[in-house]
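Me: Could we go through this model together? I would like to begin with the pocket and then turn to the ligand.

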Amino acid sequence: MIDFTIPAELAAERDRVRQFVIDKIVPYERDPRLTAHGPTDELRQELVELARAEKLLTVQAPVALGGRGLSHIEQAVLYEAAGWSTLGPVAMNCAAPDEGNMFLLSKVANQEQIERFLQPVIDGQQRSVFAMTEPNGAGSDPNQLSTEAVFDGENFTINGRKWLITGADGAKTWIIMARLADNPHLPAGPTLFLCDGDTPGIVIERIMNTMDRNYVGGHAVVNFENLVLPADSVLGETGQALRYAQLRLAPARLTHCMRWLGAAERAQSIAVDYAKTRTAFGKTIGEHQGVSFMLADNEIALHQCRLTIWHACWLMDQGEKARHESSIAKSYVSEELFKVTDRCVQVLGGIGISDETVVEMIFRDMRAFRLYDGPTEVHKYAIGRKILRG
Ligand SMILES: Cc1cc2nc3c(=O)[nH]c(=O)nc-3n(C[C@H](O)[C@H](O)[C@H](O)COP(=O)(O)OP(=O)(O)OC[C@H]3O[C@@H](n4cnc5c(N)ncnc54)[C@H](O)[C@@H]3O)c2cc1C
C-alpha cells in the first residue's frame, strides 16, 4: 500500500537539511568561486566540510561504506530539501555526476575498485566522471558508441573523443564507456572501464562554455589518446556497459528530479514574496488574477512532480526497476519544473532576468535538465514504444 506519511524522524531531518542549506550554503551563491564553469574544487571542499560537520555528507551511501543507506523515498525527501540551493547537493555530496557514479560503483565495482575509486568519492575527497557522450557517436543513442578499446591479452588501449563530460577537470575517479573490439580473449561490445584521472592518455581539450554553472568543473571535451589500462580496469563484465548505464540512469534521473524540485520551490517562494509586495494598478500584483493563476499553476505542478517522483521511488523501494515510471518522471518533471521557473521569472517582471534574485540562475541551470540523463523526446520515444508493444 502506498503511504504518503513522512515519518517524524525523516521530516525532522528534512527540516534540518533545509535549515542547513539556508543558513550555511545560500550565502555562498555569490561567492566568486562559483564560476561560469561551476563551483571550483576549492569552493566544493569548503562546502563539503560544512556538511561533514553537520553529519550530512553522502548520507545516501551504503551503511557499510559510511553512509546511512537511504531508501529512494528518503532520498526524495532529503534531496528536495538540499536542492533549495544548487550548491546544497554539492555540499552534501549528492550532486551529479558523483551521486549516480557512487550508486553504480556500489552495485558493480569489486572490493579493490571500491577501496581505490569509490570510497574516496564517498568521503568527499575526490570527484568522479562518467564519460559516455561523443560528438560523432554515443548521445541519445548510446549504441552509436565510437570510442574503441583494443585488448592485447594484457592491456586495453583506448582511443576516442567525448564531450559534455561533467566535472572532468580535476576528477580522479573516471568511468569510461568504450566499445571493446573483437579479440580472442574476452567478450567484445560496449564496456565500462575504471581508471585514475591522472593516467597518461586522458587529454582534456577544453571546458565548454555552457548556460549552466551548477556542476563542479563544468563540462569538458576529452580525448583518449592511446590510453593504456591494465586488464583489471574493467568495471563489472565486458560487453555489459549499456546494462550498467541503465542501472545507473534509472535512479540517477530521479535524483535530478528531486534536486530540481527543491530549486523550483525556491524560485516559487521568491515569486510569491514579490507578488505579495509589488503593486500595480492599485493593488499587489498577486491580487491580479493573471499573476495568481501563474502561482497556482506552479503550485499544482510542484505537487504533481513530487507525487510522480515519490511513486517511482516507492516502486524502486519495492524492488522494482521502475524504468518506465522513472522515464515518465524524468520527462514530465523536467518539462514542468522548467515551466514553473519560467513563470517565476515572469512574475518577477524585469528583475526576473537579472541576478538580483537567484531565480535567473535556477532558470539557466535548470534548462540542461531537459537534455541530460535522456532528453525528453528520447524518454517519450521509449514510453511510446512500450505503449505500442502493449
Ligand atoms: C549539462 C550537461 C551535462 C552532461 N554531462 C554528461 C556527462 O557527465 N557524461 C556524459 O557522458 N554525457 C553528459 N551529457 C550529455 C548528455 O547525456 C547528452 O546531451 C544526451 O544524452 C543527449 O545526447 P546529445 O546531446 O548527443 O543529443 P543528440 O543525440 O544529438 O539529440 C539531439 C536532439 O534529437 C532528439 N532525439 C534523439 N533521438 C530522438 C528520437 N528517437 N525521437 C525524437 N527525438 C530524438 C533529442 O531529444 C535531442 O533533442 C551532459 C549534457 C548536458 C547538457
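**Pocket, ligand and backbone**

Reply: The lining of the largest pocket divides into 21 nonpolar, 15 polar and 13 charged residues. Here Ala, Val, Leu, Ile, Met, Phe, Trp, Tyr, Cys and Pro count as nonpolar, Asp, Glu, Lys and Arg as charged, and the others, Gly among them, as polar. This is a predicted model in which local features need pLDDT of at least 70 and side-chain atom pairs count only at pLDDT 80 or more, while totals for chains, interfaces and linings use all residues. Residues are numbered from 1 along each chain as its sequence is written, and side-chain values use heavy atoms, leaving out hydrogens and water.

Me: How is a pocket defined here?

Reply: On a 1 Å grid over the protein atoms alone, a pocket is an open set of points where a 1.4 Å probe fits, with protein on both sides within 12 Å along at least five of seven lines; lining residues have an atom within 4 Å of a point.

Me: Which residues lie nearest the centre of the largest pocket?

Reply: Of the 49 lining residues, Met132, Leu249, Asp373, Gly374 and Pro375 lie nearest the centre.

Me: And which element gives the most to the lining?

Reply: That is H7, with ten residues. Helix H7 spans 241-277, and the other elements giving two or more residues include helix H5 (98-108) and helix H9 (323-347). Helices (H or I, at least four residues) and strands (E, at least two) are DSSP runs, numbered from the N terminus.

Me: Where is the ligand?

Reply: The ligand takes up the space of the largest pocket, meaning that more than half of its atoms lie within 2 Å of the grid points.

Me: Which residues come nearest the ligand?

Reply: Among 18 residues around the ligand, these are Phe130, Thr133, Ser140, Thr166 and Glu377. A residue counts as near if one of its heavy atoms lies within 4 Å. That shell has eleven nonpolar, five polar and two charged residues.

Me: What about polar contacts?

Reply: These are pairs of N or O atoms within 3.5 Å. A polar backbone atom of phenylalanine 130 is 2.7 Å from a ligand nitrogen, and one of leucine 164 is 2.9 Å from a ligand nitrogen.

Me: Changing topic, which peptide bond is cis?

Reply: The bond from alanine 96 to proline 97 is cis, with omega near -5°. Most peptide bonds are trans.

Conventions:
A polar contact is a pair of N or O atoms within 3.5 Å; within protein, one must be able to donate a hydrogen and the other to accept it, and residues adjacent in sequence count only if both atoms are side-chain atoms.
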